[in-house]
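I am opening my notebook on a new structure. I will go element by element and write down what I look up.

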Amino acid sequence: MKNEPFANITGTLLMTAFLIVTLAFAVEGTFETRTQLANTFAREAQIQQAQMQLEELLRLQIDEENSLRGYLLTRDPFYVAQYRQAVAGYDNTQRAIKRVLRDEQLLAARDQLHQYGLLQSKWRTEVAGPLLRHPRRRLVELDKRNKLFADYETRAVAAIRETLAGTDAAFVRSTQSQVNRAAYVRAFWVLVFGLLAVLFNVYRSRLNRELEEERTITEILQRAFRSESIPLPHCEVGSAYRSATNHVAVGGDVFDVYRLSGTHALILIADISGKGVDAAVLTAFIKFMIRSIALRESDPAAILAEFNTAFSKAVGNPYLFVSMFVGVLDTASFRLEFGSAGHDAVFLRRRNGVEQLAVTGPVLGVMEEPFYSETIDLDPGDTLVLTTDGLTEVRNREGKPLSGTGAMELIERGPVHAQPLADDLVAAARSRGGTRLRDDLAVLTIRLMDAQRVDV
Amino acid sequence: MYKLGLALAVAFAACAQVASADCRGHRGDRVVLYSTTDDPAVLVWDSRARLREYHAATFDAAQAMLPHAILVGPGTHATVVTCVSNYVESPVFHHPDDAVGVLLLAGPQRGLTRWVLGSDVRLVQAPRP
């Protein structure tokens, strides 16, 4: 039982971690795909640029030939200048394409371009050069050679064009493949994420169901363990309880008012170290054990001593201890005999102010020490206010505890009647500590009344 | 002997029919010559074998074959004498091209019969009566 909350928290944290890791993988995968696609698009753009430059190269080659033809027909030097300009443009463009082919490691296309360049260079030497030098000597054999160059250059360009188109198509296929893969991977991660989310939901539902079951059990326990408002002669009894455990309305605080006889009543309030269901179960042990001892022993010190022995043997947990106030109230004489085992949050409101009742022994479950009892005579109108440290140690936003003095001030200006006073103290504690208390808080108030005004 | 000769003649005629079924030109078609390479002039070859070799050869080998070709200007008129479909293959052709035997009708080489590539041949539409 003790390990369950830890296991639940660990499980929730693990599931959350899985979800976060899955999400991180999905996001990382998306970024990786984006990078890959960007890289592919960049390379594809390079290839397309090379394709356009190749067409430009072909245009420059034709410019060279047309300029030569223009010069042969007109002998106008303008065409020679145009020819030289086309030659320079051709060489620059060819170098640019070579760079792209080298970067993309398209060795076959690079060789084809090299061959194309050699043919063009040879054409300039063997065809264009002689014609520029001797424009009148236009020989048939030279024309045939020109045709030969034209045919082979056309072939070379076609081969390069095909290689580049093939590479471009390969990039398109690669891009498509990457997009498909990215879609599949994303779908996979969405599926994983969705499955984890469903598992997480199932897990949470299971936890909620367990919590609900626990709540039901504890509510049953609560009804069984908590004292009902038992009417006492000449007394007005009020009580309030607030558990520090968020979802469970029971905890480690217990109070009890039990009529031992027609005139005597047992008054008990105790605070067990710890909170929650485990502590709540112990409250039953305490409550009924104190009742059974009190039926035999009327001295509160003896009750505490006997309980201390029994508790140490029964529980056997050195880290578990109990602070307890036990009082036996004579409702006829208004005499209160009490013993306080380390429980200092018991107050008495009288006409002239509020006082804190003394501690008469150490907390229970720690050591075998003697306990003492004290006796005080009460007056009608006096109110006993028994609380646990959930009131005195409640902290404000600055972290300052209320303390016994602060509690006495609250009690002094609180409502006259028992139940409104108990409710008021719990409300004040909640107001000071925020909506959630850090410790259980139990309040038992007993106001002594005039004998004629009380129905028993 | 007579029967064998007849059978061979029939077989040859059938083969020739099949060979020229989907050719660029048929016997008697009027055509003009025009090249689709950068230089629109057309090389016409003295044999269809050299035509095929030229398109499959390396540059140097092709250059060595040039004396067997004559260059005719673009637009030279000719008549189709024969056609052999898918005869010329080249590393750069996606499909084999036809070898077309033509009779040149114009220019200094008028009256010569030579071989040209199918893609260098353009049919001349006969005017309607």
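This is a predicted model: local features need pLDDT of at least 70, side-chain atom pairs count only at pLDDT 80 or more; totals for chains, interfaces and linings use all residues.

**Entry 1: a helix in chain A**

I then checked the length of the helix. Helix α3 of chain A covers residues 107-133, which is 27 residues. From its first C-alpha to its last it reaches 37 Å, close to the 39 Å expected at 1.5 Å a residue.

Next I asked which residues of α3(A) are buried. The list includes Ala109(A), Gln112(A), Leu113(A) and Tyr116(A). Further along, Trp123(A), Val127(A), Ala128(A) and Leu131(A) are buried, among others. I kept a rule beside this list: an α-helix has 3.6 residues a turn, so residues three or four places apart point the same way.

**Entry 2: chain A as a whole**

I stepped back to see the chain. Chain A has nine helices and 10 strands. It has 456 residues, and buried residues make up 35% of them. I also looked at contacts with a separation of 6 or more in chain A: residues 24 or more positions apart account for 71% of them.

**Entry 3: the five-strand sheet**

In what order do the five strands of the open sheet in chain A run? I read β1-β10-β9-β6-β7, with antiparallel pairing. β1 (235-242) and β7 (353-356) of chain A stand at the edges. Each has a single partner strand, so one side of each is left without a neighbour in the sheet. From one strand to the next, the twist averages 15°.

I followed one pair in detail. Strand β6 of chain A, residues 346-350, pairs with β7(A) over four bridges, in the antiparallel sense. Leu348(A) stands opposite Glu355(A) in β7(A).

Then I looked for helices on this sheet. Helix α8 of chain A, residues 403-412, lies across β6, β7 and β9 of chain A. It runs at about 145° to β7(A). Helix α9 of chain A, residues 418-433, also packs on the sheet, touching β1, β9 and β10 of chain A. The direction of α9(A) makes about 25° with that of β1(A).

I kept a rule in mind here: most residues other than glycine have a negative phi. Which phi does Arg75(A) have, positive or negative? Arg75(A) has a positive phi of about 60°, although it is not a glycine. I found Arg75(A) in the loop between α1 (3-74) and α2 (77-103) of chain A. It has 11 other C-beta atoms within 10 Å, so Arg75(A) is exposed.

Ser403(A) is another case, with a positive phi of about 70°. Ser403(A) lies in helix α8 of chain A. I found 13 C-beta neighbours inside 10 Å, so Ser403(A) counts as partly exposed.

I moved to chain B, which has three helices and seven strands. From the N terminus on, its elements run α-β-β-α-α-β-β-β-β-β. Chain B has 129 residues, and 30% of them count as buried.

I picked Val44(B), which lies in strand β2 of chain B, residues 42-45. Why does Val44(B) count as buried? Val44(B) has 24 C-beta neighbours inside 10 Å, and the cut-off for buried is 20 or more.

Which ways do the residues of β2(B) point? Val42(B) and Val44(B) point one way, Leu43(B) and Trp45(B) the other, and all are buried.

β2(B) and β3(B) run antiparallel, joined by four bridges. Val44(B) stands opposite Ile70(B) in β3(B). Val44(B) also touches Trp115(B) and Val116(B), among others.

**Entry 4: where the chains meet**

How many residues does each chain give to the contact? I noted 12 residues from chain B and 18 residues from chain A. On the side of chain B that touches chain A, α3 (59-65) and β3 (69-72) of chain B each give two or more residues.

How values were computed: Residues are numbered from 1 along each chain as its sequence is written. Chains are lettered from A and ligands numbered from 1 in the order in which they are written. The expected span of a helix is 1.5 Å times one less than its number of residues. A residue is buried if 20 or more other C-beta atoms lie within 10 Å of its own, exposed if 12 or fewer, and partly exposed in between; C-beta atoms are placed from the backbone. Two strands pair if DSSP finds at least two bridges between them. Axes are lines fitted to C-alpha atoms, for helices over the stretch in contact, and angles run from 0 to 180 degrees between N-to-C directions. Two residues are in contact if their C-beta atoms, placed from the backbone, lie within 7 Å.
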